[in-house]
Amino acid sequence: MRTHSILVVDDELLIRDLLYDFFRGQGWEIAVAENGEKALEILRSRQIDLVLSDIKMPQMDGLALTTEMRESYPDIPVVLMTGYPSVDSAVTALRCQVVDYITKPFNIHKLYKVIESKVKEKEG
Amino acid sequence: MADREPEVRRKLADFFVMIGYQVDAVANGQDVLSKAAAHDYAVALVDCRLSGDSGLEVLAELSASCPETSVIMLSAEPSLEIVIAALRKGAFDFAVKPFDLTELTEIVHKAADQHELLKMYRAMSAQMRQDRDAGNQRGAASQRPRDNCRVGTL
């Protein structure tokens with residue numbers, strides 16, 4: 001079975017480290033970026049099955065990243081996470097066709113189930 | 001279009017008929033699903049609170065039974081949970097009442113375009129599958145005589 005790959009985008013080092021260790025432990029390939037611009041650089045250079053991104057970040061936030069990805073990488077599913085959930089950002093996320101919207105703090109095992117199911121759905 | 005308020009149904013139906021759409025307007029989820037089973041709707045506008053039904057349940061059923069129909073959810077006071085549930089159940093968009101009709105029209109046009117694209121994509125995929133199957137059958141048929149060929153000796 002092919003190893004799955006995930007790109008985690010979050011400006012908080014703690015979250016990046018936590019998710020890095022967790023997904024490595026599950027046997028995934030993982031790349032991390034601290035904002036949307038860095039994430040796009042990574043997407044240009046390697047294959048990614050799913051992007052998990054925070055919404056509120058400096059430089060390029062998660063919604064701007066998702067909008068850009070819908071143009072350049074329409075087949076890569078995006079899951080957004082936020083510590084500042086709002087109806088407006090959820091509606092914008094829906095319009096950007098993200099596959100899920102997760103509020104922080106999240107249970108990492110529940111998050112993993114969501115991510116795993118979305119990657120499997122993509123594989124058909 | 002499904003909304004439990006007759007006035008909203010009438011106004012929206014009149015508006016979309018005026019700009020060139022064919023519209024069926026109903027008040028409850030059962031009517032949405034029975035009409036959707038009989039027609040190929042490009043777009044469904046579904047209020048989150050219908051008479052006797054949850055609009056989100058109707059959305060889930062429509063996503064499963066009519067995946068090419070773009071569903072736009074409507075609500076006067078959406079909660080975060082409702083918007084997230086709509087996102088997870090595959091809504092195309094979410095419009096908050098009272099509507100800006102210009103904005104709603106743009107959303108409906110985009111939704112109709114999406115429906116056309118999906119139909120085109122599925123038709124092309126089906127055609128490609130058919131061509132591939134036909135190619136496989138031709139390949140098998142062209143091999144058959146050789147498989148059945150007997151080499152005789154004089």
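So, what is the mean pLDDT of chain B, and what share of its residues reach 70 or more? The mean is 89, and 90% of the residues get to 70 or more; pLDDT is the predictor's confidence in each residue, from 0 to 100. What we have here is a predicted model, where local features need pLDDT of at least 70 and side-chain atom pairs count only at pLDDT 80 or more, while totals for chains, interfaces and linings use all residues. On naming, residues are numbered from 1 along each chain as its sequence is written, with chains lettered from A and ligands numbered from 1 in the order in which they are written.

For the model, ipTM is 0.84 and pTM is 0.83. A contact, by the way, is two residues whose C-beta atoms, placed from the backbone, lie within 7 Å.

Staying with chain B, there are five helices and five strands. Those are DSSP runs, H or I of at least four residues for helices and E of at least two for strands, numbered from the N terminus. The order along the sequence goes α-α-β-β-β-α-β-α-β-α. Of its 154 residues, 26% are buried, meaning 20 or more other C-beta atoms within 10 Å of a residue's own; exposed is 12 or fewer, partly exposed is in between, and C-beta atoms are placed from the backbone.

Now the helix pairs. In chain B, H2 (residues 29-38) packs on H3 (residues 55-65) at about 10°, axes 10 Å apart. Axes are lines fitted to C-alpha atoms, for helices over the stretch in contact, and angles run from 0 to 180 degrees between N-to-C directions. That angle is why H2(B) and H3(B) come out roughly parallel; the label covers angles under 35 degrees, with over 145 roughly antiparallel, 65 to 115 roughly perpendicular and the rest oblique. On the H2(B) side you'll find B:Gly29, B:Val32, B:Leu33, B:Ala36 and B:Ala37, meeting B:Glu57, B:Val58, B:Glu61, B:Leu62 and B:Ser65 of H3(B). That contact has six nonpolar, two polar and two charged residues. Here Ala, Val, Leu, Ile, Met, Phe, Trp, Tyr, Cys and Pro are nonpolar, Asp, Glu, Lys and Arg are charged, and the others, Gly among them, are polar.

Over in chain A, H2 (residues 36-45) and H3 (residues 62-72) pack at about 30° with axes 9 Å apart, so H2(A) and H3(A) are roughly parallel as well. A:Gly36, A:Ala39 and A:Leu40 from H2(A) make the contact with A:Gly62, A:Ala64, A:Leu65 and A:Glu68 from H3(A). By class, that's four nonpolar, two polar and one charged.

A:Gly36 turns up again with A:Pro58: they sit 22 residues apart along the chain, with C-alpha atoms 8.5 Å apart. A:Pro58 is in the loop between strand E3 (50-54) and H3 of chain A, and counts as exposed because it has 10 C-beta neighbours inside 10 Å.

Last stop, where the chains meet. Chain B puts in ten residues and chain A eleven. From chain B, H4 (80-88) and E5 (93-96) each supply at least two, and H4(B) has the largest share, six. Chain B's side is eight nonpolar, no polar and two charged.

And which residues are buried in H4 of chain A, residues 87-95? They are A:Ser89, A:Ala90, A:Val91, A:Ala93 and A:Leu94. Their cover includes H4 and E5 of chain B, along with H3, E4 (78-82) and E5 (100-103) of chain A.
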